[in-house]
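Welcome, and please take a moment to turn the model around before reading on. The paragraphs below will lead you through it step by step.

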Amino acid sequence: MSGLSILVIQTAFVGDVVLSTPLFEAARTRLGANRIGAVVRPETANLLRNSPHVDDIVIYDKHGAQKGPLELLRLARGLRGAGYDAALIPHRSLRSALLGFLAGIPVRVGFDRSAGRLGRLLLTDRVPYRSVHEVDRNLSLLASWEGDTDGIRPALYPDDEDRMRVDALMRQSDVAPSEPLCGISPGSVWATKRWLPGRYAALIRRLAREYGYRSVLFGSSGDRPLCAEIAAESGVDPLNAAGALTLLQSAALAARCSAMVSNDTGMGHVAAAMDTPVVALFGPTVPAFGFVPYGPGHQVVETPLDCRPCSAHGGNRCPIGTHDCMGGITVERVIEAVAVQLGLSGKPGPSVKD
């Protein structure tokens, strides 16, 4: 396979890009591809900086400056001249399949559940969409080629500058280098995926007063008001890092945390990629979708309800008006799971259910 040039088209969210990183590594180390490109949204591109398995990062601002069919055609024209041999398309959207087709890439591999019949027809190879973890599902796109993909897991590569920025933020916030930290990621694009702010505040307060852990609030600039609200209600002065760091800098900070508590969203996958144990809070979505933090030692806290799952991604409001899937997750259950991850009691289990 030496000399193969591969393009991965993944224009979904932060977690989706993190869970696609094994695909880059497998293409490089197991298939011997000498050139690997990635098409990603501008807000996720930083995740792939420094990766030894990505040579070209192509920005596709599909909801902003490159919105619309003319910009899609312009991007495809540029990719057509880049000479890629194959496109791997884990993102199951018509636009992603269309981009590979318009770029004239001869081999286009995606899932048999790519959006709509047209999306599937635009692929040259359709791989069964199996009910397994997203990492393993993505790696199945390489089934057309020989190569062992066992043991490959998500990985991110913050550098010394990223770690220095984290050092500076901690100094500015009077966080000692040796202070024990627990990460908290309370935001989500989907409102129904968010655990209640008051319960995050109570969790942070108990972590400080009962276990001596300072919490670090993670999120985008859009999450900063939510994180500020939680920090104020906690009354114990957590570090609010929301909007203060790039994604790779956030990964470097997550690596310093002894555990991460996260909704079913991207930061949990970032932390897991940095070998930080994760307690993931699942509400409208379910682990069976294949998006739990990848690898051993993580835990899921969830409330079994007949109405779950209500959708593939969550939504902006509960369809039945209760939001019991998140409201039913108690602080006590979460603190128990976190205590396990911090090595303060018990042994980790695969799931904690109310």
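How far apart are the mean positions of the 37 positive and 35 negative charges of the chain? They are 6 Å apart. Here Lys and Arg count as positive and Asp and Glu as negative, while His and the chain ends are not counted. The place of each charge is NZ of Lys, CZ of Arg, CG of Asp or CD of Glu.

A word on what you are looking at: this is a predicted model, in which local features need pLDDT of at least 70 and side-chain atom pairs count only at pLDDT 80 or more, whereas totals for chains, interfaces and linings use all residues. Residues are numbered from 1 along each chain as its sequence is written, and side-chain values use heavy atoms, with hydrogens and water left out.

Let us begin with the whole chain. Its secondary structure comes to 12 helices and 13 strands; these are DSSP runs numbered from the N terminus, with helices being H or I of at least four residues and strands E of at least two. The radius of gyration is 21 Å, close to the 20 Å that the globule rule gives for 354 residues, so the chain is as compact as a globular protein of that length. That radius is taken over C-alpha atoms, and the rule is 2.2 Å times the number of residues to the power 0.38. Along the principal axes, the C-alpha atoms fill a box of roughly 60 × 45 × 40 Å.

The chain exposes about 14,800 Å², and carbon and sulfur atoms supply 52% of it. These areas come from the Shrake-Rupley method with a 1.4 Å probe. As for contacts (heavy atoms within 4.5 Å), residues 24 or more positions apart account for 64% of those with a separation of 6 or more.

Now follow helix 3, residues 94-102. Ser96, Ala97, Leu99 and Gly100 are buried there. They cover an arc of only 155° around the axis, which puts them on the same side of helix 3; the arc is that of the directions from the helix axis to the C-beta atoms. An α-helix has 3.6 residues a turn, so residues three or four places apart point the same way. The buried residues of helix 3 pack against strand 1 (5-9), strand 2 (35-40), helix 2 (69-80), strand 5 (107-111) and helix 4 (116-121). Just after helix 3, Gly104 takes a positive phi of about 70°.

Helix 9, residues 247-254, is mostly covered: 8 of its 8 residues are buried. Among them are Leu247, Gln249, Ser250 and Ala254. The partners against which the buried residues of helix 9 pack include helix 1 (14-29), strand 8 (214-217) and strand 10 (260-263).

The loops deserve a visit too. Ile152 lies between helix 5 (134-139) and helix 6 (160-172), and is buried at a relative accessible area of 3%. Leaving aside neighbours within four places in sequence, Ile152 is in contact with residues including Glu25, Thr29, Val135 and Tyr294. His53, in the loop between strand 2 and strand 3 (56-59), is buried with a relative accessible area of 11%. Not counting residues up to four places away, His53 touches Phe24, Glu25, Arg28, Thr29, Ile36 and Tyr157.

Where do you find Leu344? Leu344 sits in the loop between helix 12 (331-341) and strand 13 (351-353), and at 39% relative accessibility counts as partly exposed. Beyond neighbours within four places in sequence, Leu344 is in contact with Tyr211, Tyr213 and Ala339.

Finally, look at some backbone details. Asp174, in the loop between helix 6 and strand 7 (181-185), has a positive phi near 55° in a residue other than glycine, and is exposed with a relative accessible area of 66%. Asp275 has a positive phi of about 65° although it is not a glycine; its place is the loop between helix 10 (266-273) and strand 11 (278-282), where Asp275 is exposed at 58% relative accessible area. The peptide bond from Arg308 to Pro309 is cis, with omega near -10°, and Pro309 belongs to the loop between strand 12 (299-302) and helix 11 (324-327).

Conventions
Buried < 20%, exposed > 50% of the residue type's maximum accessible area, 1.4 Å probe, protein only.
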